[in-house]
Amino acid sequence: MVMPSTLAMILAGGRVDELGVLTHYRPKSAVPFGGFARVIDFPLTNLMRSGIERIAILSQYRSYSLVNHIGTGAAWDMIGRHRGISILPPFKDYENPHWYRGSADAVHQNLDFVRYHKPSEILILSGDHIYEMDYRDMIRFHNEHDADLTAAFIKVKKEDAALRFGVAEIGDEYSEGGSLLSYEEKPADPKGEWASLTVLCFKPEVLYKVLGKNQAAASYEFGRDILPMMVQEGMKVLGYKFRGYWGYTRTVNEYWQTSMDLLGSNPLIDLEQWGIRTNLEHRDIRDCQPLKVGSQGVLDNSLAYNGCIIEGTVKNSILFPGVRVEKGAVVENSVLFFNTLVKEGGQLRQVVSDVNTTFGANAQVGISSIGGSSGRVTVIGWNNHVPDNMTVGCGCSVAPGIEEEKWPENGLEDMEELQ
Amino acid sequence: MREAKDALVLLLAGGIGSRLNILVGHRAKPAVPFGGLYRIIDFSLSNVMKSGLTRVGVLTQYKPLSLMRHIQNGEAWDFTGRTRGIKILPPRTGEKDSDWYKGTADAIRQNIDFIRGNQSEQVVVLSGDHIYQMDFDEMITYHREKNAGVTIGMMVVPKSEIHQFGAGIVDDENRIVDWEEKPKEPRTNLASMGIYVFDTEYLLKALSCDREEVDFGMHIIPRAIEEKQVYAYPFYGYWRDVGTIQSYWDANMDVLRADSGISPEEWGIRPNTEADGRAMDRAPARFAQGCTVQSSMISAGSVIEGTVVNSVLSPGVIVRKGAVVRDSVILEDSVIEANAEVDLAVCDKQVHIGEGAVVGYGDEEAKSISNREYPTHLYSGITLIGKGAAIPAKMRIGRNCIIRPDEKGREKRVFPAELEHSGIF
């Protein structure tokens, strides 16, 4: 048996402004998702199930939450003599005084680590997406055609891709994909209809070379700089066409929409079937008791994990461990992170609430002041206490840990921000 | 700091617990699942951990595999480290002893080498099959204050129940002056919880007297009382011996009630869900549109499309559309198919109730028809479904029935269309 020797590097450093208050104190990859897991659990579970045994995580922004979450790596069976997850934080040395200046720079700064492992191919992944993928199919495709780089793409509507994704045109040579005919990063008017998943498989020698060359440039991103450079220089770049589900969580509204894809009678994301793993040690969720429903409790089209106590009504929502919904409270179309408390009579509609937040009695949150639904999500940062009877409109954003006296007496209008 | 923390814990986990019937057909009583995510022994182990005690021996005998797998290296209860640890102590042949454990005292006697090898001032002897929360550190302090040879944890129970317990009669100082083992005529309402703190020296001496003395309640304690060495440690919280189907079901239902005094998570009881592989990486429980769930506990990985009322569900239980589960305890990965009904039942793991089947039909009168082979096990209406049993669609099962577990390799059973009250199949 040939030992698999793919090295996977997960880009988990970034803070993404659009996720706002959810990433004030954690990198995007550590944002909770799916009622018990974190976003990064998706690439990690994919890697585990693809038989890849050596993983590095490039982490820079507020990495504590992520370090804590990865733990020993045992949750993904990534523990053993030749298996493991290494977290690579930025560092200084004689030559290099920088933070990671971009995704490509982050990998470049750790090339000694990469070379040490003598990988047969290097898989660069984003830690930010919700998808199920067996990377082995793509690696096989990459090796079969002796590509310098193979990048995975998913078909999207052109108008949806504009300004959001890296977009490519891909040839039809093979059933799995073909040559990259063009690549544009976040174009206003995309030529192609294939959006990049930020799943990149490199031939090691090629990666070392292009990263070295990129150091002379002023920008150091795989999507913006490395990919276009390689296409332009006529290197063998292949597009691999991915046909599964791909959930995007760049903005709060996208995050909410992707979460809602977990619900319904035919959910687009089936966590149980995907066999998603998370670190149960993180926040001690393995010590929660089963979810408790009271005599008046209602749960409808919802997901809820152990440790929740439901006395009120929960509809079309996702509840993380330790969420409590008291009598008379109504939670609809919402995502409530760990240990959120909704007190008696509280009403939440289309809300994303970060951890340890309390909604006071009869608080009305996410309910438009002009009536009707604007379709905009209201997001409340962690460790907040929304005062009793407070009204918060839709599309609002509240920063973490707002002091009590800062809450305006007559509430927040639609789209207001509280900082 | 050292003081009380030095005590050595011996956990008796060997008993068959035969009154739990088919629930202990393939596992020891302390390993029986409880409260959705726990096993009975988690309560004792977590109490030990929270009392700051760090050295534990678990005395096993009867079908210990499921128990051993559950305990693993003890990490779930922080029993890992250089000087902390949990050891499984199965019966073993030696120079003199070549026998199974003959009783509680005999089991401890056969592990005297373990006691001597782990220097201690006190030895705490516990059962692994009780549901309670207790601080043994406090009890050890009390034991020292009393300068006792043995201190026994005791609680007040209704006089009508005293016949199930060891009963102690105390003086004003809580010194036990008389002892009756399972008395028919109650003289006291103070019942032994099977929790003992021994002075190590006193224990070693008591065990060396007479090898025929194999039981604490019958032999060792009565003699210690004669020697005026025994004190009662009064306990006032929630405590249940879940050694019968009825008490097992009652205690599970207690977890559902806010006022029952039992609250595993608040008590800091730790399950060891990782022992069963990825049991707890299961996705959050899914509550489908139009489902009804009331006064129940539901564990991760469950899917509820039908109705669940007043029941405790372990991980991965599926209740299909139109199915109703009421007043029941359903263990891991059981499936209740569409329009089936389960009323007042305990279903072991991986049970499959076919479409439209009924488990527990019949009115109050039917509930009083005790099981024909085990009238002392099933008499209040509870029906037991054994591990892996697949009840065919439309089958009807009455009250106080037992469906034996499905045995691998055995020819497929042909179920009757109906099993009347008190039946066994």
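The model is predicted. Chain A has 10 helices and 32 strands, and 54% of its 419 residues count as buried. Between the chains, 29 residues of chain B are in contact with 29 residues of chain A.

**Overall form of chain A**

- The radius of gyration of chain A is 22 Å, which agrees with the value near 22 Å for a compact globule of 419 residues.
- The C-alpha trace of chain A spans about 60 × 50 × 50 Å along its principal axes.
- Among the contacts in chain A with a separation of 6 or more, 58% come from residues 24 or more positions apart.

- On the side of chain B that touches chain A, the elements giving two or more residues are β14 (285-287), β15 (292-294) and β16 (296-298) of chain B.
- The residues on this side of chain B comprise 13 nonpolar, nine polar and seven charged.
- Strand pairing also links the chains: β14 (residues 291-293) of chain A and β16(B) are antiparallel, with three bridges.
- Within this pairing, Ile298(B) in β16(B) stands opposite Leu291(A).

**Nonpolar core**

- In soluble globular proteins, nonpolar side chains tend to be buried together.
- The largest nonpolar core holds 267 residues, and those that touch the most other members are Ile10(A), Leu58(A), Ile124(A), Phe153(A) and Val9(B).
- Beyond its neighbours within four places in sequence, Leu58(A) is in contact with Met9(A), Ile10(A), Leu11(A), Ala12(A) and Gly13(A), and also with Leu88(A), Tyr100(A), Ala106(A) and Val107(A).

**Parallel sheet of chain A**

- An open sheet of six strands in chain A has the order β15-β18-β21-β24-β27-β30, with parallel pairing.
- At its edges are β15 (298-300) and β30 (391-392) of chain A, each of which pairs on one side only.
- Inside this order, β18 (residues 313-315) and β21 (residues 330-332) of chain A pair in the parallel sense through three bridges.
- Thr313(A) has Val330(A), in β21(A), as its bridge partner.

**Helix α5 of chain A**

- Helix α5 (residues 135-144) of chain A has the buried residues Tyr135(A), Met138(A), Ile139(A), Phe141(A) and His142(A).
- These buried residues line one face of α5(A), because they fall within an arc of 160° when seen down the helix axis.
- Arg140(A) and Glu144(A) are exposed on the other side of α5(A).

**Helix α7 of chain B**

- In helix α7 (residues 200-209) of chain B, the buried residues are Leu203(B), Ala206(B) and Leu207(B).
- Their arc around the axis is only 95°, so they lie on the same side of α7(B).
- Helices that the buried residues of α7(B) pack against are α4 (104-109), α5 (112-117) and α8 (216-226) of chain B, and the strands are β6 (122-127) and β11 (190-199) of chain B.
- The face of α7(B) turned away from the buried side carries Glu201(B), Lys205(B), Ser208(B) and Cys209(B), which are exposed.

How values were computed: Residues are numbered from 1 along each chain as its sequence is written. Chains are lettered from A and ligands numbered from 1 in the order in which they are written. This is a predicted model: local features need pLDDT of at least 70, side-chain atom pairs count only at pLDDT 80 or more; totals for chains, interfaces and linings use all residues. Two residues are in contact if their C-beta atoms, placed from the backbone, lie within 7 Å. Helices (H or I, at least four residues) and strands (E, at least two) are DSSP runs, numbered from the N terminus. Ala, Val, Leu, Ile, Met, Phe, Trp, Tyr, Cys and Pro count as nonpolar, Asp, Glu, Lys and Arg as charged, and the others, Gly among them, as polar. Two strands pair if DSSP finds at least two bridges between them. A nonpolar core is a set of buried Ala, Val, Leu, Ile, Met, Phe, Trp, Tyr and Cys residues joined through C-beta atoms within 7 Å. A residue is buried if 20 or more other C-beta atoms lie within 10 Å of its own, exposed if 12 or fewer, and partly exposed in between; C-beta atoms are placed from the backbone. The radius of gyration is taken over C-alpha atoms; the globule rule is 2.2 Å times the number of residues to the power 0.38. The arc is that of the directions from the helix axis to the C-beta atoms.
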